[in-house]
Amino acid sequence: GLSFSLGRFPGAKNRGLIASSSSSLTQGSVVFQSVPYAAVLRDDGLHERDHFTFEKSKDHNFNVNNNSSESPRQQQQQQQQNRQQQLQRCSATKFARYFSRENQLKDWEDGYDKETKALKSCQLRAPKATVRLASKIMWRMQRERKNETNTNENKNNVENEVPASEEKSRKTKRTALAAPTGRLYDDEGKTEQLGLGRGYSTVFDQLTHGEESKTFGLNNPSDYTLASMTRAYLTHSLNVDDSMVSDEERAERYEREYEDIPSVADLAKLIGKLRLNCHTLCDDELRPYGIGVYPVAAMMNHSENPNCFATFRGKKMIVRCLRDVLPGEELTISYDELMKPKRERAKSLKSNYGFDLHDDGE
């Protein structure tokens, strides 16, 4: 089980993660590891990281010295190994890069098939990372709903079937229920254990911080603008090859799929949630390379004296203890760089997260 739970201290405004009574969280220990509901690379990370794993290219570390004692054959083998570990750019969009064909195929299943259509329709002009993240969330939500529909249809087919024999019925039932239907996001079971549910609900329904603000969603000009851009980008992903379907089929498919795209108001609400709850992925030197939404980690509140910190390995987030944490103590992180002067942190926290820094926090 988890070493923490989701709760709210008396008088607290927001929910938070609280160390369980049986936990033994010591300095340096891992509290939890988390995978995102969705994440995208920033523009400055696209050229040096795998678009699916977010692992960094080590091209600059590979160098074959022609004056070394290695034989020509050994040098050739080393060069071949170097090429296999270099990023290869996607030939369709020239946008994403991958270490392997396997990663490219997995990324395609993870939503890049939709983004490829959107990029081509936009003449390969990629929008901002926030727009790409919101779009990726929507594409995953659509896949989850489709998978749920397929699962329910399979179950109904099994329940309504009149078998020719009991053996045939059992065989048919096993086959139908074993059909691949995908899986709702649950961050390896953590979201359900915390009561956050599964799938898109962990993002849209559970990340409620800041919704009461007067500058949230449609009331925020930036949120509204990014929501409009996201809806346009999602619409571009519905581009259909004219040579494959008739005008009538194209129109019907476009109208059917377009209904799955949320309104600008709903997208503005999602953008507001991302603005207040998503995480910036950084390397060990705090250089940002991506953004992602981690519902479990989003439950952690800010502190000027945090007891936890987060690091990233590719897409994976690892939360560790900065010091020993007592049972019943809230698990907190800093939303901003603590090395900054307090005045700068206060301005940043007010601008980005909408709350004032208490004078007693140092």
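**View 1. D186 sits in the loop between helix 4 (166–177) and helix 5 (190–193).** Helices here are DSSP runs of H or I with at least four residues, strands are runs of E with at least two, and both are numbered from the N terminus. Keep in mind that this is a predicted model: local features need pLDDT of at least 70, side-chain atom pairs count only at pLDDT 80 or more, and totals for chains, interfaces and linings use all residues. Residues are numbered from 1 along each chain as its sequence is written, and side-chain values use heavy atoms, with hydrogens and water left out. Is D186 buried or exposed? D186 counts as buried because its relative accessibility is 6% (buried is under 20% relative accessible area, exposed over 50%, partly exposed in between, with a 1.4 Å probe and protein chains only).

View 2. Now look for Y37: 149 residues separate Y37 from D186 in sequence, yet their C-alpha atoms are 8.5 Å apart in space.

**View 3. Two stretches have pLDDT under 50: residues 59–67 and residues 167–182.** pLDDT is the predictor's confidence in each residue, from 0 to 100. Over the protein chain, the mean is 82, and 79% of residues reach 70 or more. Beyond four places in sequence, the model has 12 contacts for residues 59–67 and 13 for residues 167–182.

**View 4. The largest cavity holds about 60 Å³ of space.** A cavity is a set of points on a 1 Å grid over the protein atoms alone where a 1.4 Å probe fits but cannot get out, and lining residues have an atom within 4 Å of a point. Grid points are joined across faces, edges and corners, and the volume is the space filled by probe spheres set on them. Which element gives the largest share of the lining? That's helix 2, with four residues. Among the lining residues are H51, D107, R132 and W139.

**View 5. The second largest cavity holds about 30 Å³.** W139, Q142, L234, S237, L238, E257 and I261 line this one. By class, that's four nonpolar, two polar and one charged (Ala, Val, Leu, Ile, Met, Phe, Trp, Tyr, Cys and Pro are nonpolar; Asp, Glu, Lys and Arg are charged; the others, Gly among them, are polar).

Key: Contact = heavy atoms within 4.5 Å. 1 Å grid on protein atoms, 1.4 Å probe; cavity = no way out; pocket = protein on both sides within 12 Å on 5 of 7 lines; lining within 4 Å.
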